[in-house]
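Hello,

Here is the structure I promised to pass on. My notes follow below it.

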Amino acid sequence: MTAQQVASAGESSATEVDSGSSWRARLAELLDDHRRRPRPTTSQDRFDAAIAWQSELVDAGLAAPGWPTSVGGLGLDVTDQLDYHRMMTAAGAPKHPCSLSFIVAPTLIVHGTPEQRQRYLEPLLRAEEFWCQGFSEPGAGSDLASLSTRAVRDGDTYRVTGQKIWTTMADRADWMFALVRTGPAGRGTAGITYLLIAMDSPGVEVRPLRDAAGGRHFAEVFFDDVVVPVANRVGAEGEGWSIMRTSLGHERATAFLADEVKYRTTVDKVARLAVARGYRDDALVRQELAALETDVRTITTNSARALSAVLRGEDPGAIASINRLVKSEFEQRMHRLALRLTGAGAVLGRRSAGAVDGGRWTHGYLMTRASTIGAGTAEIQRNTIAESVLGLPSHRGEGRRAPTVSPGRPLAAPGSDEAAVRSAVGDVVSSLVETDSLLSGRIDRTQVWRSLVEFGLPGLAFPESVGGGGAPLGLMCAAVEEAAHHLAPVPLVPTISALALLSAVGATDAATRVISGARAAVVVAPQETVWNTAGPAEATGSVRIDDNGVLSGTVSCVVGAPDAELLVVVAASAEAGDAAVVVVEQADARIMVEEPLDLTASVGAVGFDGVRGVLAATGDTAKRAVAEAERITLLVLAADSIGVATRAVAMAVDWAGQREQFGRPIGSFQAVSHRCADMLVDAEGARNQVQAAAAVDPASDDADMLARLAAAHALSAAVRVSEACIQVHGGIGFTWEHPAHLLLRRALSNEACRIRPEALRDEVAERVLARIESE
């Protein structure tokens, strides 16, 4: 569903959107009143209160934040929708008691008639009428194209016969939105129609089914010659499949914005459980908590990127498919960890008097076993990603579809500035860099660097006052990603890191020189932080600076040092360990060139014996500058790794589509296609996290943590995806002449050159746990 469709269907315009802070003030007032009310004590009371709350929101004009105002919504943009959901969650406001209503709603907004929108949307929004989804059938679960429930036209009505199954809330629903076959029998998406069926119609029978957790949340539904008015058809006859796919894709994108808030709250509860059960300092538990943080951010940033595309008129279906998979598997991991944290309490049923937290984790774990089954199994989701998004051959032998986008490119179309930057950098590097030249060492690295400088790198995101481009950090990350995608053999990340530190300490002359084309590198001792500023120097092995400003010491494994003209040194005083930032000419230092793992980079040990440089900052000023530059360094390093990962995705998909085994392209075997799908999910989630973290105000309390989380994800993802690329290629991928190992070498080098991803995740876990304990 495109933005234009939403706007035209709802007849909304920009002038109708609740502008400014008006909606916030009104919602805050209503939520303050809600907080003062007594809390319902029984499940039935909570259910009734949730229904009443929806009517309050509608009456106050505060319902449906993403809907057009003309159909009862607030018409908020993506950022405001997130704020809306966060305010609601923080206040403990009831959720809409029928979440399925918000799958049919956008369908009606886009494809429904004015009469249908008038009839159904407000009762739906008020929760006066409940809806269920009639898609799955006994012989057509994930394979909806095989559905057999028939609807035969009889004048102004259809007569429906058949069966639906796994129908959530069918026993409570007033209406079902259903897919039925009006065309020829058999398998296929043609001839499927979208109908709205009243559940109290004669001939409808509902038989509840008991789930693994012991509840009755879904049911079988039988139709015996059920009469449905043609007026209840949504869209044209036979177009139900496309209607379902476009509207469902959009709704998944918007629904995940609300999910982020819900998941954020649940992850916090798991962290509290870890503290309460004595696992606060357990290294493995901390890594798993950080992984949950990564998943929440992936869901959020994927959704935000998708909705930004929607607002530009793009179809978000590809990212919606990815998010569906990420979300379902995340829910299972989260509840599995929580259940393990209950320890021996996991042997108790949820109704046991001794069950931890009232048995919520046992119940939640059992319920999430359906997460990777309902609405299309995880395997079907991977098929969809592989065949519809990546364009790999059908596992059913039905040929190939065109990929949603060229494999490795952003799934959600970037804005015009980002698209222009990606295109320009990609063209520059690809015209100068060939794999054979890289492998043989016969490449003009100076020309590649000069061309990137002429484009505006490395100074793209730095102030215009020092010759930079003044662009957003996200644009520079996109540029770095593109350069890495084409394996640019230049010290771009080391130079940007040095420039970030020079800019932070106000070393204007040196910064201007770097922006004009001087290559640079940061010299700092490798530690379990990105850049070590803690002393004493003897203990850290860092460069020492004495009272006369003379440097001494040696630092190994400095990426980019052999190519650098300027070295920006993070030193420590010999006695107190106070930090200092010193600018040194590379010619004044002793460079011991070492063999790099990454064949597109240079690396060396850097020694200082009585060297003097320009002292740029000391003490707390230096430490603050280092902290500011660390964030930029992490994000550009992560962007470089994403470029590697996306190149690996493109190469694997290309090979899987052309290489044949057993008379078929290997990409038609699900073992291969699912691996390619997972590669895409990993790379796309990392890209969106980096772009989102780059957009955060650096003064925000979360800016540093989000950069660390994004970097940890990107660094690990690049290694996983590069390894998978070699696996997909098989023996050819293990040969020196094939470029796959170049990608893996660069990914491994990035993962090792600053800080281990595990250390970054541990820092994130510590911040989450500290926040939980302070509440």
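Axes here are lines fitted to C-alpha atoms, for helices over the stretch in contact, and angles run from 0 to 180 degrees between N-to-C directions. Helices (H or I, at least four residues) and strands (E, at least two) are DSSP runs, numbered from the N terminus. The model is predicted: local features need pLDDT of at least 70, side-chain atom pairs count only at pLDDT 80 or more, and totals for chains, interfaces and linings use all residues. Residues are numbered from 1 along each chain as its sequence is written, and side-chain values use heavy atoms, without hydrogens and water.

**Helix packing**

Helix α11 (residues 378-389) packs against helix α20 (residues 670-695) at about 80°, and their axes are 8 Å apart. The two are therefore roughly perpendicular (65 to 115 degrees). On α11, the contact (heavy atoms within 4.5 Å) uses E379, R382, N383, I385, A386 and V389. On α20, Q670, S673, H674, A677, D678, L680 and V681 take part.

**Annotated domain**

An unreviewed UniProt entry places "domain: Acyl-CoA dehydrogenase/oxidase N-terminal" at residues 42-128 and 439-499. Such positions are in the numbering used here, feature names are shortened, and annotations may be inferred rather than shown by experiment. Residues 42-128 are 62% helix and 0% strand, with end C-alpha atoms 20 Å apart. For residues 439-499, the values are 56% helix, 0% strand and 29 Å.

**Pocket lining**

Helix α8 (283-311) gives the largest share of the lining of the second largest pocket, eight residues.

Best wishes

How values were computed. Angles under 35 degrees count as roughly parallel, over 145 as roughly antiparallel, 65 to 115 as roughly perpendicular and the rest as oblique.
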